[in-house]
Amino acid sequence: MPLQKILFKPGVNKENTRYTTEGGWYDCDKVRFRQGTPEKIGGWTGFASGVFLGICRSLGNWITLASLNLIGVGTNLKFYILSGGNYYDITPIRKTIALTNPFTATNGSAVIAVFETNHGCVQGDFVTYSGAGITGLGGNITAAVLANTFQIVFIDDNNYTITVSATANATDAAGSPGGGTVVTQYETNTGPSYQIPLVGWGAGTWGGGTWGNGSSTSSSLQLWNQQNFGEDLIYGPRGQGVYYWSANVGFSPIQITISIAAPGVITLPAGFSFPDGTTISLTSTGALPTGLTVGQVYFVVNSTGGTFNVSTTIQGTPITTSGGQSGIQRISQRGIDLADAGDADTPLYQNYVLVSDAFRFVIVFGTNDYGSSVLNPMLIRWSDQEDPFTWTPQATNQAGSLQLSHGSEIITAIQSRQEIVVFTDSSIYSYQYVGPPFVWTAQLIADNVSIIGPNAAVIASGAVYWMGIDKFYKYDGRVQTLKCDLRRHIFSDFNVLQTQQIYAGTNEGFNEIWWFYCSANATSSDRYVIYNYIEDIWYYGDLGRSAWLDSGLLPLPVAATYDSELVQHEDGVDSYVLGTPTAIAANISSSEFDIGDGHNFGYVWRVLPDLTFTGSSSSPTPTVTMTLFPMQNSGSGTGNSAAANVTKGSNYVITEEFTGQIYTRARGRQMIFKISSDQLGTTWQLGAPRIDIRPDGRR
């Protein structure tokens, strides 16, 4: 017989048996398709110096007026700004309070007990102690030991412990409780690294739920929402407050000398200036000017050159500072809770926050109503136009609210063409700006449609794509169910208790949408599925990523690993995690093929490869393995396989970079073709290899 091409349909199809899907691909890992033929995916390298604390759940990218390319990095423990390859901690302060003698030491232990009534902390929260009034306990536990940031071990609502850098002695124990007057700053509550189901009697906190039923909630992940407002940032953890970070002060705390030039006028050293509206807080190593408080967030007002005053609200009355104090002050920039900006009706909570393209409204989805402190998961509220600090509706502004009716909770929202697509747990709305008096309105566009998690939707090429609880969807003016050739493969091996970990991202350079998810027995995302929306095909593989950021303002996509590192994808051909290069094992195998309908056995004695190693390193010699798996019939399992290495031939001065023909022996009614590689420096693209196959009897 003449040579037979091994040329299969693009994409991977696992919706039926391996024999039924003849003429296609059936299994793959770390492989994509280009113009219908498979190739190994690109590698990844470290993107920033160092690592962050926690598991990253949110990545956002924007550029400031000073041309700084910033990335917001939200983890279950912290929130960072990544700039110049360095991470800067801007985790918001949840509460600042002055405590008196809160510390108790035990002789011979570095664990210090801390008492505060209704502290509001959870396991793993961070607390910082400071202030001129802080003292030690009389022994090894000095003021310098205590004036630091610590991670909390939760005990109960009124007690927790910290671990300090010194071991307490008998003097410290005798001096307990002590510590003097301690300015205590609590960061926003942290969250677990994965979802912990809390169902039934005994679940949740003591007293939670109705008698005899217990709690029916779950321990949610710390999912951050973030979007730039100009060069500044609107952000916050899901279910907590809305915070505003100003780019004016910078990323890390600065130590400068401030003084009072005249009553109400604060003077900065030469070269420093803070524009009006900048938020600052002071952590003093000495006495502050009269009228200022350590840890209080202030707004800069009346700024002129190197002088300014401060107010406790965005446009409030300036504080008449006074006194002759002049000393080094540590000015830090953390996000300010919008609820502290002066408007009594600012949202206390948000399940999602977005800045609209139409006239720049800050919109929160799932929040408390006016005059209420109860979170309403179906309520939408928006600020005044171009003003994130004004939320109370007045005749002179456009602030307002809207209640949705279909569903029980707003899950997420996506800015699309001339509308915002809003997802509840059972429906989709088109949310549009209509101007006064209604300002914003919502129109139901689909009901009985699911979305599996807050980060499961993306927009690509003008259409919105998302993962539901058992299928995939597309919205481009109408809602459609996507034909998915991997649907059963994905949802039959899927951890339904970890849906909040699902993260969708686009890889625009390859026309791809990636969804990362947890397999059935995993508690962290260990798999991905890709939809190529140009070629309308699917493929999948194993890879752990907790967040993804496409290359809109960056040269290449960036993703977060479970090693608390950001990596740049499509960079090279190998995996560089924490600086260590390892080979990326990639493979793809076909469905079963035969001669005719398998009436005769086929005998393969020769294979003519067709592939390219373009992009591979020259040393070691790039190599892939091609394997034929013969079968007596589709239910018999594979027999002895025939495999051979295909290497880049340095002696071949031809465009196609592969070895010559391979001689082999393989006999079966059906066969499976596989190509794989697991070598450093190797990448490849498959063409149309040919096999020399002939009939070889009927049994």
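**Loops, sheets and a pocket**

Mentor: Asn-448 lies in the loop between β37 and β38. The structure is a predicted model, in which local features need pLDDT of at least 70, side-chain atom pairs count only at pLDDT 80 or more, and totals for chains, interfaces and linings use all residues. Residues are numbered from 1 along each chain as its sequence is written, and side-chain values use heavy atoms, with hydrogens and water left out.

Trainee: What makes Asn-448 count as exposed?

Mentor: The term requires over 50% relative accessible area, whereas under 20% is buried and values in between are partly exposed (1.4 Å probe, protein chains only). Asn-448 reaches 71% relative accessibility and therefore counts as exposed. Asn-448 also has a positive phi of about 55°, although it is not a glycine.

Trainee: How do you know whether Ser-564 is buried or exposed?

Mentor: Its relative accessibility is 12%, so Ser-564 counts as buried. Ser-564 is located in the loop between β47 (558-560) and β48 (566-569). Like a glycine it is not, yet its phi is positive, at about 60°.

Trainee: Which peptide bond ending at Pro-177 is cis?

Mentor: The bond from Ser-176 to Pro-177 is cis, with omega near -5°. Pro-177 is in the loop between α2 (170-174) and β17 (181-187). Another cis peptide bond joins Pro-436 and Pro-437, with omega about 5°, and Pro-437 lies in the loop between β36 (427-435) and β37 (439-447).

Trainee: Why are β6 and β9 said to stand at the edges?

Mentor: Four strands form an open antiparallel sheet in the order β6-β7-β8-β9. β6 (56-63) and β9 (86-89) each have a single partner strand, so one side of each is left without a neighbour in the sheet.

Trainee: What makes β6 and β7 a pair?

Mentor: Two strands pair if DSSP finds at least two bridges between them. β6 and β7 (residues 69-75) have seven bridges, in the antiparallel sense. In β7, Val-73 is the bridge partner of Leu-59.

Trainee: Which residues lie nearest the centre of the second largest pocket?

Mentor: They are Leu-59, Gly-60, Gln-226, Tyr-352 and Leu-549, from a lining of 33 residues. A pocket is an open set of points on a 1 Å grid over the protein atoms alone, where a 1.4 Å probe fits, with protein on both sides within 12 Å along at least five of seven lines; lining residues have an atom within 4 Å of a point. Strands that each supply at least two lining residues include β6, β20 (224-229) and β46 (547-549).
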